[in-house]
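Visitor: I have a structure to go through with you. Can we take it piece by piece?

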Amino acid sequence: MPAEMMKQTILQIISVQEHLRETGLAKLEAIKKGDADAVDRLTRQEEPLAEKLRALEQKRTQLVRKDTGKANAAFSEWEKVALSEKEQPEWHALYLKLSRSVLTLKQLNQLNQDLLRQSLQWVRLNLNLLMPGTGPSGYGHPGNAQSGSAGRFSGRIDSRA
């Protein structure tokens with residue numbers, strides 16, 4: 001029965017996405033705390049889940065192709081071919097559950113990316129403030145052969161000034 005195989009596949013996809021969401025929430029807390037080791041560990045935990053999700057999506061695509069003859073058929077096209085009128089309300093609920101799961105996961109991933117980007121910007125800003133570059137300041141003659149340290153405060157007061 002093609003509908004039952006599709007249902008099992010979609011339920012598995014939702015389950016894996018739920019695990020990814022839980023991992024993403026844990027990563028969000030680790031980012032907020034600044035725990036780089038936890039972020040790294042959680043990212044490594046996500047990799048097998050993402051691989052499993054790719055495999056399930058490939059399986060779903062194969063089932064759609066088998067039932068409709070099209071690789072990228074829309075849900076409504078698959079529904080017309082594989083489901084009876086009586087089964088459609090149940091499938092609409094399952095489709096909405098899958099859609100919400102995908103949207104929630106996408107929003108969480110975007111939030112985590114934004115927080116990581118902001119954290120990196122903050123770190124770079126602080127590093128630049130603590131260790132400024134020793135480039136030219138723009139106040140000397142470019143032909144002067146003064147070293148960078150000689151032009152800085154030498155610890156002596158020039159009494160002629």
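Visitor: Arginine 117: what is its relative accessible area?
Guide: Arginine 117 has a relative accessible area of 45%, so it counts as partly exposed. The cut-offs: buried is under 20% relative accessible area, exposed is over 50%, and partly exposed is in between, with a 1.4 Å probe and protein chains only. This is a predicted model, where local features need pLDDT of at least 70, side-chain atom pairs count only at pLDDT 80 or more, and totals for chains, interfaces and linings use all residues. Residues are numbered from 1 along each chain as its sequence is written, and side-chain values use heavy atoms, with hydrogens and water left out.

Visitor: Which side chain does arginine 117 meet in a salt bridge?
Guide: Aspartate 114, at 3.0 Å, N to O. A salt bridge here is a side-chain nitrogen of Lys or Arg within 4 Å of a carboxyl oxygen of Asp or Glu. Aspartate 114 is partly exposed, at 27% relative accessibility.

Visitor: Where do aspartate 114 and arginine 117 lie?
Guide: Both are in helix α4, three residues apart, about one turn of the helix. Helices are DSSP runs (H or I, at least four residues), numbered from the N terminus. An α-helix has 3.6 residues a turn, so residues three or four places apart point the same way.

Visitor: How many salt bridges does the structure hold?
Guide: Nine. One of them joins lysine 27 and glutamate 46, with the closest N and O atoms 2.6 Å apart. Lysine 27 is in helix α1 and glutamate 46 in helix α2, so the pair ties together parts 19 residues apart in sequence.

Visitor: Lysine 27 and glutamate 46: buried or exposed?
Guide: Lysine 27 is buried, and glutamate 46 is too.

Visitor: Back to α4. What span does it reach?
Guide: With 43 residues, α4 reaches 63 Å from first C-alpha to last, close to the 63 Å expected at 1.5 Å a residue. That expected span is 1.5 Å times one less than the number of residues.

Visitor: What do the buried residues of α4 pack against?
Guide: They pack against α1 (2-33) and α3 (75-82). Contact means heavy atoms within 4.5 Å. Among the buried residues of α4 are Trp91, Leu98 and Ser101.

Visitor: And serine 101, what is it in contact with?
Guide: Ile14 and Gln17, leaving aside neighbours within four places in sequence. Serine 101 has a relative accessible area of 15%.

Methods:
Helix = DSSP H or I, 4+ residues; strand = E, 2+ residues; numbered from the N terminus.
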